Amino acid sequence: MENALIVSHTKSSVDYFTETLHAANISQIVTLTTCGEARRKMLERSFDLVIVNAPLRDETGENFARDVSVKGAAQVILVVTSEHYDAVSAVCENDGVLTISKPVNNAVFWATIKLARASFNKYRQMYAENNKLKQKIDDIRIIDRAKCILISYMIMSEKDAHRYIEKQAMDMRVSKRAIAEEILKTYEN
């Protein structure tokens, strides 16, 4: 994790969270005092970690934390008062929000940051793998469309169309997708 957003209306909490994040090698930190400001800022840029110190001036912070966790790749830590901890954490944990209670214990907060970092790294790996798989599926669809065109226009068998695309790709030293796209351009226009 490289950057973080802290949403808190108390200066002492902002100072504590900032100091702890610096110790965790997170140097790009933005601090805001309301969920409204935070929502606007998140439209402009993304964050790896979002810390919400509830309650805030404009809302409790619970809905904001859940929205951020569900809609984005950011890990979210929600800090709530001890009397609301059980109820809030029960609702928020289904959305992937890490919840800790006040007063914040240094060891617990440090462990929560480590857990958030581990979750973020795992999420990034899964996201990259998912994108690779989507790309492969997209490649297969385009290649299959090109095969269908070769079958219908060039009266080839499926096997021959496949071999033709593979051979062209090897001979021209480009991907099968690039050959398939050229076939589609030629015959679909």
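1. The protein chain exposes about 11,300 Å², and carbon and sulfur atoms supply 53% of that area (Shrake-Rupley method, 1.4 Å probe; for residues, only the protein chains shown count as cover). Please keep in mind that this is a predicted model, where local features need pLDDT of at least 70, side-chain atom pairs count only at pLDDT 80 or more, and totals for chains, interfaces and linings use all residues. Residues are numbered from 1 along each chain as its sequence is written, and side-chain values use heavy atoms, with hydrogens and water left out.

2. Seven helices and five strands make up the secondary structure of the protein chain (DSSP runs, H or I of at least four residues for helices and E of at least two for strands, numbered from the N terminus). Their order from the N terminus is β-α-β-α-β-α-β-α-β-α-α-α. The radius of gyration is 25 Å, well over the 16 Å of the globule rule for 189 residues, so the protein chain is more spread out than a compact globule (taken over C-alpha atoms; the rule is 2.2 Å times the number of residues to the power 0.38). The C-alpha trace spans about 75 × 30 × 30 Å along its principal axes.

3. Lys 147 is buried, at 9% relative accessible area (buried is under 20%, exposed over 50%, partly exposed in between, with a 1.4 Å probe and protein chains only). Leaving out residues up to four places away in sequence, Lys 147 touches Glu 158, Ala 161, His 162 and Ile 165 (contact means heavy atoms within 4.5 Å).
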